[in-house]
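Please keep the sequence and the structure in view while reading.

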Amino acid sequence: MRSSAPAYTSNDGVIDVAERALGKRVLSSLEAAYEVSFTVDRESLVETMTLLRDTPGLEYQQLMEIAGVDYPERPDRFEVVYCLLSLTRNHRIRVHVQTDEIKPVPSVTGIWPVAGWLEREVYDMYGVLFEGNADLRRILTDYGFVGHPQRKDFPLTGYVELRYSEETKRVAYEPVKLAQDFRTFDFMSPWEGAEYVLPGDEKAKLPEGKGAPTPLKADEIIKADAAQSPKAAPVTPKVTESPAQTGEGKAEPKPKRSRKPKNPDVVPTKGKGQNQ
């Protein structure tokens, strides 16, 4: 397998075969990014699609998708893009037609019935009219929707808003009302760093209580604690060993104690005896 994407037949000769088969119906052709596209005349779209389906060498039997594009600066602001696939040749092309809000595009539902749903999507999103579609109704938006959402001039907030009304007990439509706060809302993320200080951010510069999370680093916390804690008084070194300062005794001398208690009944002998 040479590539992860499905391989298709080469584009060599496809433009020449298609231009010979379609003639003046082709307004322009382009090969870019490995794809071939044709811009064809709007009024002859059904004949063009029939020839692309039935001409040998082309044989684009399947309609894969119909898309819309809006170019407001053009006189024909809308482009309807048809994506075709040839199952027998394994090849794809795109067919473009241009129109505006008034001029209808011929429907190709007679060639591919699946186009009925696809044309309804383009009508719903862009407002392009398709002549010959028997059921051209909105398919993605609500029945009472105003405007076409994929137009470049359609406001992002829409024209009406839908909500459930508790008073009337039903779904209600109201004009869009944007609060002024949302009109001037600052979408800059504070984590990316704003050029101004948001209310409350000034508290983040001070460390929190011990054990609480803090955005400061360890060295910043130490410096902040040192700045907020009062300095302790210096300790006086011990320079004396007096009993009054050390507390190991009393300032007065101790009274002398006799080796034996005095007995009042015993009269000691002077100079001798056990009671001396």
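This is a predicted model: local features need pLDDT of at least 70, side-chain atom pairs count only at pLDDT 80 or more; totals for chains, interfaces and linings use all residues.

E35 has a relative accessibility of 42% and counts as partly exposed. The side chain of E35 meets that of R94 in a salt bridge, with 2.3 Å from N to O. Because R94 belongs to strand β5 (residues 91-99) and E35 to strand β2 (residues 35-40), the pair ties together parts that lie 59 residues apart in sequence. R94 is likewise partly exposed, its relative accessible area being 26%.

## A bridge between two loops

R77 and D153 also form a salt bridge, and their closest N and O atoms are 3.5 Å apart. This pair links distant parts of the chain, 76 residues apart. R77 is found in the loop between β3 (62-70) and β4 (78-86), whereas D153 is found in the loop between β7 (130-131) and β8 (160-165). R77 counts as buried, because its relative accessibility is 8% and the term applies under 20%.

## A buried pair

A further salt bridge joins the side chains of D124 and R138, at 2.6 Å from N to O. D124 lies in helix α3 (residues 115-126), and R138 lies in the loop between β7 and β8, 14 residues apart. Both D124 and R138 are buried.

## The network and the total

Some salt bridges share partners, and these join D70, R77, E101 and D153 into one network. Across the whole structure, the search finds 14 salt bridges.

Technical notes. Residues are numbered from 1 along each chain as its sequence is written. Side-chain values use heavy atoms; hydrogens and water are left out. A salt bridge is a side-chain nitrogen of Lys or Arg within 4 Å of a carboxyl oxygen of Asp or Glu. Helices (H or I, at least four residues) and strands (E, at least two) are DSSP runs, numbered from the N terminus. Buried means under 20% relative accessible area, exposed over 50%, partly exposed in between (1.4 Å probe, protein chains only).
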